[in-house]
Amino acid sequence: MGGQGTVVATGGLLVLCMGLWATGLVAEIVTALLFFALAMLLKLAPAPTVFSGFASSAFWLVTSGMVVGLAMNRTGLGDRLARMLAARLPASYPGFIGGLVAFSFLLAFVMPSNLGRIALMVPVILALCDAFGLAPGRPGRTGAILSFGIATPMLSAAILPANVPNLVMVGTAETLYGVHLAYLPYLWQHLPVLALLKGAILTACTVLLFRDRLDGQRPELPALPPATPAERRLSVILVTMLALWMSDGWHGIPPAWIGLAAAVICLMPRIGVLPGGSFGEIPLRTCFYVAALFGLTATVNETGLGRDLGHALLALAPLAPGAEATNFLTLVGLSIGFLFVATANGAPALYTALAGELSRASGLGLMDVLMIQVVGYSTLFLPYQAPPIVMTMELGRIGLRDASRLTIATGLASLLIATPAAYLWWRLVGGPP
C-alpha cells in the first residue's frame with residue numbers, strides 16, 4: 001500500500017481507534033493492540049514509527065507513576081496523608097469541599113497517577129463523610145465525592161507529570177517536534193489559572209449545586225500510629241523525586257527518568273518498599289494505551305494525513321497572524337472540541353499532531369500553541385471525557401445525572417471565567433518560557 005491509499009487507510013484506522021477509545025466498546029488495551037496489528041499488517045509505517053510510543057519518555061513516566069502509586073497504597077503512606085488531611089479540614093461545608101479540592105491538587109505532586117489517587121482516596125472520602133455526618137443520600141456527600149473526582153483530572157493538568165493527557169501531549173511533542181518541556185516553567189505557566197482559579201470555581205459550583213451544611217463540630221478521629229520504616233523510606237524517595245523534578249532546569253534530567261529511577265528504588269530489595277514481584281500488579285493496559293496513542297499520532301504524521309487534516313481544519317478555523325486573542329480562543333476551542341470525540345486522553349494526541357500547522361497559520365510559536373491546548377483539555381464538560389471521573393462515580397455510587405450537573409456547570413464557568421483569565425496570564429508572562 002502506498003500514496004493516497006496509505007493516507008486513506010491511516011484515516012480509517014484513526015477514526016476506528018479514536019472511536020473505540022471514546023466509546024469504550026472494547027477495552028483500551030484491545031484497541032491499542034488492534035492499532036499495532038493493523039498498522040503493521042497494512043504497512044502504514046515502519047515499525048520504529050508504529051512502536052515509537054514505547055521509546056517515548058512519557059510512556060516510562062506513566063509506568064513509573066503506577067509503581068509509585070502502588071507503593072503509596074501498599075505502605076499506607078497515602079492513607080496517612082489522607083488522615084492528616086482529615087485532622088485539618090474545616091468543620092464548615094464550603095471549607096470541607098475546598099479542603100478536598102486542595103488536597104486533590106497537592107496529592108498530584110507526589111502521586112503521578114490520576115486513577116491511583118482516585119482508588120486511594122474515594123474510600124477515605126466516604127469515611128470522612130461519615131465522620132462529618134454526611135450520610136448516604138445527603139447532597140453534601142455527593143458533592144464531596146464528585147468535587148475530589150473532578151478536581152483530580154482537572155487541576156492536575158497544571159503539573160507536568162501528574163496526568164495522562166499531559167504525558168500524551170509531552171510524548172507526542174517529543175516524538176514529532178523534538179520539544180522537551182521543563183517542570184517549573186510549565187507549573188508557572190498554568191498554576192495560577194488551571195489550579196488555583198479552577199479549584200475555586202469547582203468549589204463554588206459544588207457548594208451551590210449540592211447545598212448542605214455541617215454541624216460545626218470537628219469529629220474525633222483516632223490518633224495516627226507511628227510511621228513504619230517503609231513509610232519513612234518512601235517519604236525520602238518521594239521528596240527526592242519531587243526536588244529533582246523541580247530542579248530539572250538546572251540538572252537537565254527529564255522528569256521521566258527521575259520517575260523511573262524512583263520506581264526502580266521502590267522495587268529494590270532492602271532499600272525499597274515493594275517486593276520485585278509487585279510489578280505484576282501494575283495495570284500495564286494504561287501504559288500500552290499511551291504507547292498506542294503516540295504511535296498512532298506518529299503514523300498519522302509520517303503518512304501525510306496530519307498535514308492534510310491540518311489544511312482542512314485551517315480552512316475552517318479563523319486563525320490569522322497578529323490576532324492573538326482570536327487565535328487563543330480558537331485554539332482553546334479546538335482543544336475542547338477534540339474532547340468530545342477523543343476524550344481527555346486522546347485529545348492532546350490529535351491536537352499536538354496538528355500543532356505545527358496551527359503554529360504556521362496563527363503566527364504563534366510552536367510552544368505557545370502546545371501550551372494553549374492545556375487550557376482546553378482541562379475544561380471538562382461531561383464525565384466520560386475523563387476516566388478518573390467515571391471511576392469516581394463507580395466507587396462512590398454516584399449517578400450520571402449528578403456528575404453531569406457538576407461537570408457541565410464547572411465546564412461552562414471555566415470557559416467563561418478561567419479561559420479569559422488564562423489569556424491575560426499568558427500575555428502577562430509573555431507566553432511559555
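Between which two helices does the loop that holds Lys43 lie? Let's start there, and then walk around the rest of the chain together.

Lys43 sits in the loop between α2 (28-41) and α3 (47-50). A word on those labels: helices (H or I, at least four residues) and strands (E, at least two) are DSSP runs, numbered from the N terminus. Lys43 has a positive phi of about 55 degrees, although it is not a glycine. Lys43 counts as exposed because its relative accessibility is 64%. For that wording, buried means under 20% relative accessible area, exposed means over 50%, and partly exposed is in between (1.4 Å probe, protein chains only).

Before we go on, some ground rules. This is a predicted model, where local features need pLDDT of at least 70 and side-chain atom pairs count only at pLDDT 80 or more, while totals for chains, interfaces and linings use all residues. Residues are numbered from 1 along each chain as its sequence is written, and side-chain values use heavy atoms, with hydrogens and water left out.

How confident is the predictor? The pLDDT, its confidence in each residue, runs from 0 to 100. The chain has a mean pLDDT of 85, and 95% of its residues reach 70 or more. Confidence is highest in helix α10 (residues 183-209), at a mean of 95, and lowest in helix α15 (residues 305-314), at 72.

Back to backbone angles for a moment. Arg397 also has a positive phi of about 55 degrees and is not a glycine. You will find Arg397 in the loop between α19 (387-396) and α20 (400-428). With a relative accessible area of 80%, Arg397 is exposed.

Now let's go inside. A nonpolar core is a set of buried Ala, Val, Leu, Ile, Met, Phe, Trp, Tyr and Cys residues joined through side-chain atoms within 4.5 Å. The largest one here has 148 residues, and Trp21, Phe35, Phe96, Met121 and Leu331 touch the most other members. Helix α16 (residues 324-353) gives the most to this core, with twelve residues. Which residues does Met121 touch, not counting those up to four places away in sequence? They are Ala82, Leu85, Phe103, Leu107 and Phe148; contact here means heavy atoms within 4.5 Å.

Two more spots show parts of the chain meeting across the sequence. Ser64, in helix α4 (residues 57-75), is buried because its relative accessibility is 3%. Ser64 and Ile258 are 194 residues apart in sequence, yet 9.2 Å apart in space, C-alpha to C-alpha. Leaving aside neighbours within four places in sequence, Ser64 is in contact with Gly259, Leu260 and Ala263.

The other spot is Leu197, found in helix α10. Leu197 counts as partly exposed, at 25% relative accessibility. From Leu197 to Ser414 there are 217 residues in sequence and 8.7 Å in space, C-alpha to C-alpha. Not counting residues up to four places away in sequence, Leu197 touches Pro192, Ile417, Ala418 and Ala421.

Next, charges. Side chains of opposite charge can pair when their charged atoms come close. A salt bridge is a side-chain nitrogen of Lys or Arg within 4 Å of a carboxyl oxygen of Asp or Glu, and this structure holds five.

One of them joins Asp130 and Arg141, with the closest N and O atoms 2.7 Å apart. Asp130 is partly exposed, at 46% relative accessible area, whereas Arg141 is buried, at 12%.

Another is formed by Arg138 and Asp212, at 2.5 Å from N to O. Arg138 is in the loop between α7 and α8, and Asp212 is in the loop between α10 and α11 (229-246), 74 residues apart. Arg138 counts as partly exposed, at 28% relative accessibility.

Then there is Arg360 with Glu357, where the closest N and O atoms are 3.1 Å apart. Why are these two separated by about one helical turn? Because they are three residues apart in helix α17 (residues 355-362). Arg360 is exposed, at 59% relative accessible area, while Glu357 is buried, at 14%.

Key:
pLDDT = per-residue confidence, 0-100.
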